[in-house]
Amino acid sequence: MVEAGRWWTVLLAPALLLAGALLAVAADTCAAAQHAGRRPSLGAVGRRLLEVPRLLTAQPRTLPAADRLLWRLGVLIVPAAAVLSVLVVPFGHRGVADLSVGLVWFNAMEVLTWAGLWLAGWGPNSVFSLVGGYRFVAQGLAYELPLMFALISAATGAQSLRLADIVAAQQGLWFVVWMPVGFLVHLAGVLAFAFLGPFAYPAGHDLAGGVLAEASGVDRLLLQAGRWLWLTAGAAMAVPLFLGGGNGPVLPAWAWSLLKTLAVLGLLVYGLRRVPVVRADRYVELAWVVLLPLTLVQVLAVALVVLVRQGG
Amino acid sequence: MEAVSLWGLGVVALACAVAVFACDSMARATFALLGSLVCVGGVVFVLGLPYLGVVTVLMMVMEMVVMAVFMVAYMMNPAGLMPMSMLHNKRGALGISAAVFASLTGAVFLVDWPQRRGSPPRDTTFQVGKALMGGQMLTMVVLGFVLLATMVAATVLALHRGRYDRLGDDLDRCPARDPAGGGVGR
């Protein structure tokens, strides 16, 4: 049902991802204005987006004994991995690539962020950046395993790692209905690998910006863009995994994909300011003591349902 | 196309492997090794085992990032401030590695490789799963227990505090006395 698109989808997918990320930034700006008791306005959104040309033209900060190669590499990896991850996400009935292991591809790209952010923290030869990089690794150890089991529950339900099969398996009943734990853990994971909102710990204000502390100019732009691109990519991934992909009445499949993605993205942006920042050492205990058993039980339940279905 | 990417990935993997020993910074050496391993994952992918290829990339990135933390912490190059070398016991190591490389390369050409019978299956992921969870089930289960036991034992040996330190002599202290508070109030 889902097929690989033509060559121009390779350009369209990143463009759509970028548009989604810009929308998320705009929504976040409005939420911030409301939070501060001001009226959300287009002007505020415009001022936030003016940051892009400002960072593009800003003079980059030079630091003594910085490891420029690793720094640049890390800064590039974060947004590049986000773009690569959506290549397997079907949009309507079309994806850029119809990989037989699409789910694992997404996970692998997401894990590349670990390397990217650690390098971005290491590169500048600055204490605050380095601590930020280490914080992300600690956070990664906390969020990654529950997230993996959330992804596995969807794959188990569809008995396939191909996203097209996962979408096809949800005709009639979306996975979110019988895998609610997986869905919620996936959303938490999205916020965590985008290091935004409650998971902004690696770039915390208490650390003078953490991994962002010394990043300036294009470096800073790429890292910030990487966060919002990852948030959008994670929201787009939740749709084929748990929300039935492009399935839906009346409207064409691509419109359903778009609507669902925007809904998830809106929910995530709303959540950004509702939850305080969680320290990694606190979250790791919650993740391993509460979330991990919950997701394991979820996978077990899904596996039993699949077995019973096959038997009957 | 496949041949080009295979050779390209192979050359990059080798170049990164050389860089591991040429770098004078532990962080660079670690990530050169990661680059080499990611290329190996790419080779496996191109050879028609997409699951094993992508999983190799996934696991290697996680593993090498965690490894970087420990390598930087324990090696003789604190925080990358002093130049260091990955070369130790140069003469012996050179002899051993040359011998291993020669024997492995020789084996590639000397072994009488069997001809392919039948055609490769469409979904190799399924075949891998069947091999691991069918014929090799016992091996995998034993491996799983051994790994788990190793992890628990290593953690127990590394910790200098036991449950009596945390929960008191009668194991009834609540919340536990921990150097850093946990997230769920135990």
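Helix 1 of chain A is followed by A:Gly37, whose phi is positive, near 80°. Helices here are DSSP runs of H or I with at least four residues, strands are runs of E with at least two, and both are numbered from the N terminus. The model is predicted: local features need pLDDT of at least 70, side-chain atom pairs count only at pLDDT 80 or more, and totals for chains, interfaces and linings use all residues. Residues are numbered from 1 along each chain as its sequence is written, while chains are lettered from A and ligands numbered from 1 in the order in which they are written.

Helix 1 of chain A covers residues 9-35. The expected span of a helix is 1.5 Å times one less than its number of residues. The 27 residues of helix 1 should therefore span 39 Å, and the end C-alpha atoms are 38 Å apart, which agrees. The buried residues of this helix are A:Ala13, A:Leu17, A:Gly20, A:Ala21, A:Ala24, A:Val25, A:Asp28 and A:Thr29. A residue is buried if 20 or more other C-beta atoms, placed from the backbone, lie within 10 Å of its own. An α-helix has 3.6 residues a turn, so residues three or four places apart point the same way. The buried residues of helix 1 pack against helix 2 (42-49), helix 4 (68-85), helix 10 (217-242) and helix 11 (253-272) of chain A.

An unreviewed UniProt entry lists transmembrane regions in chain A, among them residues 173-196 and 287-308. Such annotations may be inferred rather than shown by experiment. Residues 173-196 are 75% helix and 0% strand, with end C-alpha atoms 31 Å apart. Residues 287-308 are 100% helix and 0% strand, and their end C-alpha atoms lie 30 Å apart.

Not counting residues up to four places away in sequence, A:Val104 touches A:Leu161, B:Tyr51, B:Val54, B:Val55 and B:Leu58.

Across the two chains, 23 residues of chain B are in contact with 26 residues of chain A. Contact requires C-beta atoms, placed from the backbone, within 7 Å. Helix 3 of chain B gives the most to the side of chain B that touches chain A, with 12 residues.

Terms used. Buried ≥ 20, exposed ≤ 12 C-beta atoms within 10 Å, placed from the backbone.
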